[in-house]
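Here are a few notes to get you started, written as a colleague would jot them down. Have the viewer open while you read.

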Amino acid sequence: MEHPVPRETASWFYVFGSAAFVVFILQIVTGIMLALIYVPSAGEAWTSLQTLNHNVALGWFIRGLHGWGSNFMVAIVLIHMVQVFLFGAYKYPRELTWIVGVFLLLVTLAMAFTGQVLRFDQDAYWGLGIGASIASRVPLLGPSIVNLMLGGPIIAGATLSRFFALHVFVVPGLLIAFVAVHILMVLKLGINEWPMPGRVVRKATYVQDYHELTKKDGLPFVPSAVWKDLFFAAFILLSIAACAAYFGPFGPSGPPDPTIIQTAPRPDYFFLWLYAVLSLLPPSMETPALLMGPVLVIIALLLLPFIFGEGEKSWRRRPIAVLTILLAAVALGTFTRLAGNAPWSPVMDAWSGIPIPSKFLHDRSALERQGALVFQVKQCHNCHSLGDRGGKRGPALDAVAVRLTYDQLIRQVIQGGGNMPAYGKNLNPAQTTAIVAFLETLRPAGQSPARNASRAIALGSEPAESPLTDR
Amino acid sequence: MTLARRFTRRELLMRLGIVFNGIAGVIVAVPIVRYLLAPVTRERKVGYDSWIPLGNLEQFPSGETRLATYRNPVVNPWDGDTADIACWVCNVDGQMFQVFAINCAHLGCPVRWFPQSSLFMCPCHGGVYYQDGSRASGPPERGLFEYHYRIESGKLLIKAGEMPTPGQAGNIVRNIRTCV
């Protein structure tokens, strides 16, 4: 236990790997605890989770620990990876450690996804449907992959059973094997020294330099460095326990009954960014991006230590590395935040549940108010907001009359376009007249509506307002 | 001399043992792989789809779109509610029908019918379809999946059994006539 490490590595920056390992142990223990009660059957799984939540002493807490543990594990693994990347630890001779680490990240995400499926509720059911729809787009093999993934023609008992086998046997087996190799490599090659600007990695001299450094200015890992790992791991365990106790377990949400269609499925936290990407990509780019994007990212991660195996380790001398991390963090953060309020989803009950603010109805003619009624009844509110309430799928309509002329409004309503359905078949002429009259009133006080200048000239009269807004 | 050393009796037996294990491994692996691929190969020959009654025609008034549910034909006793599948039935004119899958053609979320605006809307990524199932807006690249149907002794039957996904769905037709 005299294992010497470079002095500066006894640092609070070097605690994430061990913390991930401790959380992994927690996941194994709580996972086994859950398996004592959980029934991996499509007909019973949801009920057994309810039993765990309500009828088994502290079942809710074990579920909370396991669910929050998974969130913490994904987060810590990502932080560990960022630290390793910024400290240049993937460089010679630790290439294989990094590659095994990339596999560990993939396997951890696989655990997160399969675990979300085992919480066999509405979100899990429709999440599987999304997974199947993505898999089906693989050229030629797509439909076969779907059948293989679902274990049959539909999401049902066989699907849950195979995800149970993956989550409980296959993926944890891989995880244990990779963790063992990962830790053995760290022990064999030594912990990455604190990067100093100017201390350049060269394959010819690195190993010798490292051993000199640890011999000359080293500390025994136990106890000089390990106490920080211990404190941090305990802090993380207590944080998970606190979250489990305070927030409780995740779901299950509604039962996995596909005939209940009043549902808006959302993925778990760590896949929210993907949900946003799927909504925001142009349709033509979706399939290539979905199928090739992950492959390219994984290849890039695997090649990283071979392309940049030597050179500067310090982040102070690696601006592109720092920018890459910042870009990835900003992108993931933005997508996650966007997915939190999902502006691309229609608000399915806005037409019946969110009234038009009264300021848009005051001092309006009967026709205009009739138009407001059409606006609600025809579900326009599901996609368009008024006074910041309602759907965000289409543009807010608070000042639409300033942007579009009377004729343009009619055309837009009737023909749609620009990602709006055409309402021509669903509105009779009276309804169209009414709703456009209402839309014409939507403009800030004191601003006149948009006008077609050429129309006034063509009609040979003084610039006139549209016939309906004359008041 | 070296040749003689390399092929001692025990080494030869060890090599034979490796070959023997290889053969045994293949003999065991073939049925395992076939078992694993069963959902794709063996059962696919028969096909998952079959004709399923959705109910009497009176349940689907002319000119209206109604939710219908059926029990999937390929089913295990432990499937629970998951084998109950929903679909949208549009009675075009009393003669013609259109039966749409509940799954959005984008990523499979359940679409909802809004009779007031005659639109199907998807709660996930905002796909919207017209009454005839054709794409109106949003990320889907095509219209709703549609089942084959037939009418037999006053009952509406559809050919179904497999969850439609964008990559497959080759068996699902698009009618030329549409719901108005």
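1. Let's begin with one residue. Leu274(A) sits in helix H10 of chain A, which runs over residues 272–280. Bear in mind as you look that this is a predicted model.

2. Is Leu274(A) buried or exposed, or partly exposed? It has 19 other C-beta atoms within 10 Å, and a residue needs 20 or more to be called buried, so Leu274(A) counts as partly exposed. Now look along the chain to Leu332(A): it is 58 residues away from Leu274(A) in sequence, yet the two C-alpha atoms are separated by 8.9 Å.

3. Zoom out to the whole of chain A. You'll find 18 helices and six strands there. The radius of gyration is 29 Å, whereas the globule rule gives 23 Å for 471 residues; the chain A value is well over that, so the chain is more spread out than a compact globule. The C-alpha trace spans about 95 × 55 × 45 Å along its principal axes.

4. Two more figures for chain A. Of its 471 residues, 39% are buried. And if you take the contacts with a separation of 6 or more, 78% of them join residues 24 or more positions apart.

5. Next, the meeting of the two chains. Here 54 residues of chain A are in contact with 48 residues of chain B. On the chain A side, the elements that give two or more residues are helix H5 (122–135), helix H6 (142–150), H10 and helix H11 (283–307). The largest share comes from H5(A), with seven residues. Sorted by class, this side of chain A has 28 nonpolar, 20 polar and six charged residues. Notice that H10, the helix from the opening point, is on that list of elements.

6. What does the domain assignment give for chain B? It lists domain 1 (2–36) and domain 2 (48–160). The C-alpha centres of these two domains of chain B lie 55 Å apart.

7. Finally, have a look at helix H16 of chain A, residues 406–415. Its buried residues are Tyr406(A), Leu409(A) and Val413(A). Viewed down the axis of H16(A), they fall within an arc of 60 degrees, so they line one face of the helix. Helix H17 (429–440) of chain A is included in what covers these buried residues.

Key: Residues numbered from 1 in each chain as written. Chains lettered and ligands numbered in written order. Predicted model: local features only at pLDDT ≥ 70, side-chain atom pairs only at ≥ 80, totals over all residues. Helix = DSSP H or I, 4+ residues; strand = E, 2+ residues; numbered from the N terminus. Buried ≥ 20, exposed ≤ 12 C-beta atoms within 10 Å, placed from the backbone. Rg over C-alpha atoms; globule rule 2.2 N^0.38 Å. Contact = placed C-beta atoms within 7 Å. Nonpolar A, V, L, I, M, F, W, Y, C, P; charged D, E, K, R; others polar. Domains from an automatic or database assignment. Arc of directions from axis to C-beta.
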